[in-house]
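Hi,

Here is the structure I promised to pass on to you. Have a look at it first, and then read on for what turned up.

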Amino acid sequence: DPSRTGQLVHGTTLWTNYIGLNCQMPPLDDRRVRQALNYAVNKQDVIALLNGRGIVAQGIVPPGMPGYTSDVVGYPYDPERARTLLREAGLSAGFTAELWTQGSDLDLKVGQKIQHDLSQIGVTMEIKPVAWSSFLEAIRQPRAVALFDLGWSADFPDPSNFLDVLFHSSRWDANNHTFYANPEFDHLLEHARTLRDPVARNREYLAAEHVLVDDAPVILLYHPISYVMLQPRVHGYTIHPLVPARFTNLWLDPEP
């Protein structure tokens with residue numbers, strides 16, 4: 001309804017949704033297989049399932065995060081490239097995998113979309129809806145869950161809150177549910193921790209993100225966009241990418 005356009009505000013959140021790939025479970029321990037799964041998924045179709053309320057994730061660090069750069073280029077939809085990578089990995093006949101999901105309507109829709117896309121490259125994926133407590137317990141086990149549907153929202157506005165918290169090899173007993181490990185990646189993060197210069201620090205994080213995206217421990221999906229509808233009387237409302245809404249600068253027209 002064009003007459004309502006001025007009442008709608010939106011903003012990208014510091015959040016990334018992805019499909020985790022257990023890097024310790026064959027055949028996902030082969031980088032080519034993980035890359036193939038990334039190329040196989042049409043992320044624009046996933047955005048369509050959200051009614052456009054998201055942007056395609058090229059990397060793990062979301063837009064709006066200090067240090068974010070568009071230099072990170074993820075995986076465009078390329079099923080032929082995906083099939084080639086599977087052949088190179090000795091999986092021309094494909095394989096069977098199971099996706100664990102929390103089972104909301106949106107989770108199931110996204111899961112079914114990914115299931116369809118993977119079937120086009122010969123990968124048969126079963127979807128397993130699981131209650132949150134059981135889901136969390138299972139993905140913390142090193143060789144229990146091959147694929148899982150998850151996301152991460154920033155605790156604080158810094159790239160380390162995604163790169164370090166989710167993927168450093170020391171986090172296997174915490175939030176590194178993909179059980180990803182790469183000494184080069186770890187070294188870049190550890191060096192970044194020591195730097196005071198924000199430009200140099202962000203340069204190290206960017207280099208680490210390039211390594212991470214190439215290793216593909218997750219199928220990158222999207223960054224959500226938040227939308228809020230306002231009454232015509234409401235003015236000064238903004239969406240912050242991280243903090244809850246602040247009402248100190250909000251004002252109202254008098255009631256009619």
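Let me begin with a charged pair. The side chains of D164 and R171 meet in a salt bridge, with N and O 3.6 Å apart. D164 counts as buried, at 4% relative accessibility, whereas R171, at 30%, counts as partly exposed. Please keep in mind that this is a predicted model.

Salt bridges also share partners here: R31, D214 and D215 are joined into one network by them. Within it, D215 pairs with R31, and their closest N and O atoms are 3.4 Å apart. That pair links distant parts of the chain, since D215 belongs to helix α8 (residues 198–215) and R31 to helix α1, 184 residues apart. D215 has a relative accessible area of 8%, under the 20% limit, so it is buried. R31 is partly exposed, with a relative accessible area of 38%.

Another salt bridge joins D45 and K113, whose closest N and O atoms are 2.7 Å apart. Because D45 sits in helix α2 (residues 43–49) and K113 in helix α4 (residues 105–119), the pair ties together parts that are 68 residues apart in sequence. D45 is partly exposed at 33% relative accessibility, while K113 is buried at 14%. In total, the count comes to 10 salt bridges.

Now to helix α3, which spans residues 79–88. Which of its residues are buried? They are P79, A82, L85 and L86. Viewed down the axis of α3, these buried residues fall within an arc of 115°, so they line one face of the helix. In general, an α-helix has 3.6 residues a turn, so residues three or four places apart point the same way. The buried residues of α3 pack against α1 (31–40), β4 (95–101) and β5 (123–129). Just after α3, G90 adopts a positive phi of about 80°.

R32 is worth a look alongside this helix. R32 lies in α1 and counts as partly exposed, at 32% relative accessibility. Leaving aside residues up to four places away in sequence, R32 touches L85, E88 and A89. A polar atom of the R32 side chain lies 2.9 Å from the backbone oxygen of E88. As for V243, its C-alpha atom is separated from that of R32 by 38 Å, the two residues being 211 apart along the chain.

Best wishes

Key:
Residues numbered from 1 in each chain as written. Predicted model: local features only at pLDDT ≥ 70, side-chain atom pairs only at ≥ 80, totals over all residues. Heavy atoms only, no water. Buried < 20%, exposed > 50% of the residue type's maximum accessible area, 1.4 Å probe, protein only. Helix = DSSP H or I, 4+ residues; strand = E, 2+ residues; numbered from the N terminus. Arc of directions from axis to C-beta. Contact = heavy atoms within 4.5 Å. Polar contact = N/O pair within 3.5 Å; in protein donor to acceptor, adjacent residues only side chain to side chain. Salt bridge = Lys/Arg side-chain N within 4 Å of Asp/Glu carboxyl O.
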